[in-house]
Amino acid sequence: MLRQLLLSDYGNEGPSAGNGWTLVLAEFPTVAVAPLSAGRGMRVLRLDASEWCAPDFDPLSWDARVFGTAEASEELALHLDGARGESLVVAALEVLTRYQCLVGRRNEVSAVPLFDRLLARHRALHDLHRPLVRADYQHALDTWQWVLRLRPHASLAVQAAALFHDVERLVSEADRRVEHHAEDYQSFEDAQAEHGAEMARQVLREVGMDVSISQRVKDLVARRERPGDEADLALLNDADALSFFSLNASGFVRYFDAEHSRRKVANTLARLRPEQRRRLGQMRLAPLVQHLVDAQLASASLFEGLA
């Protein structure tokens, strides 16, 4: 688990004294921001913030190093060096956003043995030696963390739905993606959601989840591709969309062709409620992804202006 963010440029009064550190601490309350000396005895990974802040930087290039180090240690600290002042704040927020699936934040309803069993069962479903399965596993954890970041007191059902919202991919897309071959993309996504919902319900019942909660999770997963006004469903879709941009988009545009990538960005932005789009500013997007996002948002703004 990611427990600490260590800074060489900590300052005499600590990072909360100014320059946006209050936002970092509020967004990641379970990650301690501390001077480098506080990491003594922990597994510490040094990261160069000047590299991260470079205009052409793709965060995917750091993933193997960060995730690999996390797997080798139960307690991980990231040492962020190479920047000062506002640049360091921006890098810290973006780095923690990129790797928040390692944070393991919980709330009062998920900090219980039942959720421990659920997490263990969820992990056991994923063969992490298969690259696409590994990506889906990280996305599931990240979506769960986005749920808690957007709604700290999220219900047990919404948290479980976040973990299992894409579980059907373990059946249909474990070794290769097929979504771009679908004649009707929405129908394909709806079918995945329906099958995944039943899979999720079965797993929740196996670990001893209450029948009513299991049914609620099934309902949320089944409707995840049909955003509506319901608060829990909107939260799940926001978290899923934000996770795509913060964690998966860089790999997505490398895997798929330009047109499918453009459609995916457009569809994902459409699922994201306008009030949550500001969160895109807390992410480091790969240059190509940033270009697609900017083009889509500019197009939407132009359309709204002509309406």
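**Asking why: burial, rings, core and pocket**

Q: Why does histidine 139 count as buried?
A: Histidine 139 has 5% relative accessibility, and buried means under 20% relative accessible area (exposed is over 50%, partly exposed in between; 1.4 Å probe, protein chains only). Histidine 139 therefore counts as buried. A word on the basis: this is a predicted model, where local features need pLDDT of at least 70 and side-chain atom pairs count only at pLDDT 80 or more, while totals for chains, interfaces and linings use all residues. Residues are numbered from 1 along each chain as its sequence is written, and side-chain values use heavy atoms, with hydrogens and water left out.

Q: Where does histidine 139 lie, and which residues does histidine 139 touch?
A: Histidine 139 is in helix 6, helices being DSSP runs of H or I with at least four residues, numbered from the N terminus. Not counting residues up to four places away in sequence, its contacts (heavy atoms within 4.5 Å) are His165, Asp166, Asp240, Ser243, Phe244, Leu247 and Asn248.

Q: What makes tryptophan 52 and tryptophan 62 a tilted aromatic pair?
A: The structure holds 9 aromatic pairs. In this one the centres are 5.0 Å apart with 50° between the planes. Tryptophan 52 sits in helix 2 and tryptophan 62 in helix 3, 10 residues apart, and both are buried.

Q: Why is the pair of phenylalanine 67 and tyrosine 99 called edge-to-face?
A: Their planes meet at 75° and their centres are 5.4 Å apart, so the pair is edge-to-face. Phenylalanine 67 belongs to helix 3 and tyrosine 99 to the loop between helix 4 and helix 5, 32 residues apart.

Q: What makes a set of residues a nonpolar core, and which members of the largest one touch the most other members?
A: A nonpolar core consists of buried Ala, Val, Leu, Ile, Met, Phe, Trp, Tyr and Cys residues joined through side-chain atoms within 4.5 Å. The largest has 89 residues, with Leu5, Trp21, Leu80, Leu102, Leu118 and Phe245 touching the most other members. Helix 11 supplies its largest share, 12 residues.

Q: How are the residues lining the second largest pocket divided?
A: The lining has 13 nonpolar, 3 polar and 6 charged residues. Nonpolar here covers Ala, Val, Leu, Ile, Met, Phe, Trp, Tyr, Cys and Pro; Asp, Glu, Lys and Arg are charged, and the others, Gly among them, polar.

Definitions and conventions. Helices (H or I, at least four residues) and strands (E, at least two) are DSSP runs, numbered from the N terminus. Rings of Phe, Tyr and Trp (its six-membered ring) pair if their centres lie within 6.5 Å; planes under 30 degrees apart count as stacked, over 60 as edge-to-face and the rest as tilted.
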